[in-house]
Amino acid sequence: MVRRFLAYLNPKPRRRSHYLLDETRREIASRREKRPWRRRLYLNVERHPILPALVAHILIAVIAVLFVSLSPSFLPNLLPPDPRNVLLVLWQVHVTFVSIAYAGLALIFQLATGPVVTARSLRAIIFQNTYFVPILFYALIGTMQLGAITFWAVSGSAILLEFILTFGLAVTGVAFAYSRTARIFRSSRYAFDLGKSGLIDRALDSLYDDRTLAEANRRLATQIPRIYRTFSDEEAKKPQEIVVRAKRSGTVGDLDMRLLREFLEDLEGAATNNADQTQETSKDFSFSEPANIPTLHTLFSLGQRVDVGDPLFLVQKSNPNVIKLNASDKLAEIIVWERNSSRHHELFRDEISALRDNLIAAINRQALGDLLDGLLVYTELAKEVHEQSLKISQHDSIAPESLALTSWLAARGREWEILTNDMHDVVSKISDLRDDRTWIEVVKWIFEITNDFTSADKVENLPSILNLVLAAWTGVINAQEPSPSRQQAILMRLKEVPLRAKARKQSDAGIVKNQAVAIARTFTAAIKHCIDRKQSDAAALSIEYFIASSDYADSDESVLARTRNAAFLALDAWLLYKADKLSNGLDKMVHNSLQAHLREDQNLWESVKIALDGSHQDSIGWSWWELDTLHPINFGSQQLDTYILYSAIIAQAHSPLIIPESLDDDEAYLTRRFVDSIRSLIGSDIEARKLDPRSDEQLEEAALRLQEKVDNFEHQREVIEAALPLDKERIARFRTKFSHELAVLEGRLISIFPNSEDVEFDNDIAFGVNKAYPKWYFADTHVSAQPEGLAADLVRSLSRGEEAHLVESALAAVEENFQQSSTDDLLQNFKKWTKGHAGDILVLTNSHQALHAFDELVLSNNNGLLSIGPNAFLKRVYDDRDPYVLAFTYPQGISIARAAPEMLYDGDEVDSDLNILIGVRAFTDTEVEEASGGDEDSALKLRSSAVVRVLEKLKIQIRDESNISAWKLPNDIW
């Protein structure tokens, strides 16, 4: 008891180092700034309201009993002659005082029903900040302790002890509670500050709770891989897997890592002890192989709610007979179930929702003071959540590639998302206000917090803050009575946001780009909303302000100016798309306003590139516009990109499109798209064709001019590539990779056959690949193609070709002796066949259902080559024949002979270990001349290619047809 009390006075986290979440929580908590001592004291009192009072009164009672035994004398002249009567009176007074005092406080709680702007009610603030519960427990326990002393441990000295420590402290506590209550009632600002600080604390608790949970789950995944699967009853009975299911419902609160490590050691030990065991798997086959250590997977996350029967753990074994252990009981002990499911996140969600409701109520009452106070809470809460998120990310151990730290924690964390969503709801309500003063104050607050978040360390959150601007704008546009003055007020302040950002003099190009993209996205969304609502005047006004906002930039080549022009192309494309696809008619006022600016763009080519760039489409949002108009079951390619090109074509109708003199690959591709788009307008009746004043002949001339530039670019590139020599280092890498991949290729059928030596090959027959490939793989060209990738592809191609050749030869040998079989009888037929045939067995089938008919024989899986017995294998092959199963012995039934072909050209080399010829060479002049027939373009393409030869001599011999059997399966199986 004393130890617990001392720990209470100096609180430290419980040290359960073998509990994963506890250990992580201690580490995360060490990154958090310490709260003021008063706040820490209150949190401890709130967590354990009975313990300090109980310990204190036990100590008082012990001292009083010692006074009876030791009979010390304190102030003997003042001691009454009858101590028992005095203690009895003191006890009665104490009981009466406590009853009246706390009845008064309870009455005050009933009167404190008026809401405040902060999330908590006035009653909750009084209850929390008067320490009502701990003082009440102290007084109640003191009443029992004083009564006990009065009856059984009376002494003169006990009177002084009880008067000071029991009665005196109870009176002091009640006086403190009343004084704090009076202060709260006297000063609404004090109550507001208390509620605000409590809400911020709750938000930070939620933030650190979430971060702790995420970090603990990451650490768990590094030790035990997490997989996402569901298990039917049949799947759970597989001998290769043990599925451990939950025996109770609840929330997974923690894991005992000490027990988990012991279980993993048991797995390894049991696998080692059973490594030499063999077990007969069927009547005809037995199997024995070294046991692999089973692997353990989790199917849950910490903090996840599970129901009875949900899968929690999965133990996978490559050999079903390796290990048998009672995993369910052992793994069940590892999980620590959460006793109290009320997390800080739920408490924060409740309080932030209450704040939103209070603010909406204040808007409805037009209570401007309460509304401004609530907006102030939002501002401070947003800053605090953002700063603490960044502080966590600076110490985070998660790799940036697995979690985009700053953006995920700061801009997309749960707390930030909840906060901004509620702020959005509040702002959306102001559109209903007729009081311009209240509306202006809210808009003023929106832009104050927006300008604050243009700073470098907050720019990641700028888009979500600018969504508040869109919420206010949407409300104004959707209002039944348009208000040009409110539209002007929002646009004027939004226009000044780039100036505020520029005033911060950011030198980081990434930050400048993020600011520009966020501002452009807001303007673009505002204009699009006007277009969709058919508010042409508001859209035109927004366009003018958008142009004016980018004039604050240093030049017309600024990031914001370039992004603005790209946005204008997307908006005009949206108008054209709606006119064609949605039959909405063209808003010519907005179209003319956009086109007037696009015609003045001196670098329209760059604007088009930005508009078609995927990252800009996603960040600014127009990649989703078309999807929002489609029915969920509609399929097809997006067409807005094509309409962006149409908009650019219309803009440059009176002057040729200026494109770079020297193109790169991306620019050549864009030029081809322009050519295709221009030609698609010829003879068309779409809206873009109606707006282009040129004739079809003039459009074709424009397309030919662009096509000529593309043709010249491709010709020059082919000339350069044709002159490039083959890189010997790349060729060596190709050979090395091919030999390695073929040597380690799992599931290659030919590799299981012994090579027949006494076979004569036809010298002119070689099996494999002899084909021309682009020089990309063997020279340093514009294409980043690696020879290792080509080698891996050719290995797979060679293996599939060998497999197809084997199946074709074997089926041809027994074509007239096919047997009929159903999948149900297939396994029995196969077992009968094996009794009369000795030797190694290979079974091939092109049917998935037939493959599963052999499940009970399967011992292991080697990349699709299934072991079904000693030296017996099963494999699924892929062809378009009717369903079949092919079985044969080797080499008794079928034998295979392999050898390397002769080297005929420079660049040919033989891998004697694999019996493969690997050759890479360029076309000779004679070959080019003969193949091209004098055509320069064909000759140029040949000289831009390399000949790749991957060949082997392969002879499949049918030795004994009686050792080959095939079953034809019904055509309706798969």
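1. Which helices do the buried residues of H23 pack against? In this predicted model, they pack against H21, H22 (588–599), H24 (614–620), H26 (640–651) and H27 (665–681). Helix H23 spans residues 604–612, and seven of its nine residues are buried, so the rest of the structure largely encloses it. The buried ones are Leu 604, Trp 605, Ser 607, Val 608, Ile 610, Ala 611 and Leu 612.

2. The largest nonpolar core has 121 residues, and those with the most contacts inside it are Tyr 378, Trp 622 and Phe 674. Helix H21 (residues 559–581) gives the most to this core, 13 residues. A second, separate core has 26 residues, including Leu 20 and Val 306.

3. Beyond its neighbours within four places in sequence, Trp 622 is in contact with Ile 610 and Ala 611, among others. Its partners also include Ala 566, Ala 567 and Ala 570, as well as Leu 640 and Ile 644.

4. Trp 574 and Tyr 577 form a stacked aromatic pair, with 5.6 Å between centres and 15 degrees between planes. They are three residues apart in helix H21, which means a separation of about one helical turn. Trp 574 is buried at 2% relative accessible area, and Tyr 577 is buried at 4%.

5. The structure holds 23 aromatic pairs. In one of them, Trp 91 and Phe 151 have ring centres 5.7 Å apart and planes at 80 degrees, so the pair is edge-to-face. It links helix H5 to helix H7 across 60 residues. Trp 91 is partly exposed at 24%, as is Phe 151 at 44%.

Terms used
Residues numbered from 1 in each chain as written. Predicted model: local features only at pLDDT ≥ 70, side-chain atom pairs only at ≥ 80, totals over all residues. Heavy atoms only, no water. Core = buried A, V, L, I, M, F, W, Y, C linked by side-chain atoms within 4.5 Å. Buried < 20%, exposed > 50% of the residue type's maximum accessible area, 1.4 Å probe, protein only. Helix = DSSP H or I, 4+ residues; strand = E, 2+ residues; numbered from the N terminus. Contact = heavy atoms within 4.5 Å. Phe/Tyr/Trp six-rings, centres within 6.5 Å; stacked < 30°, edge-to-face > 60°.
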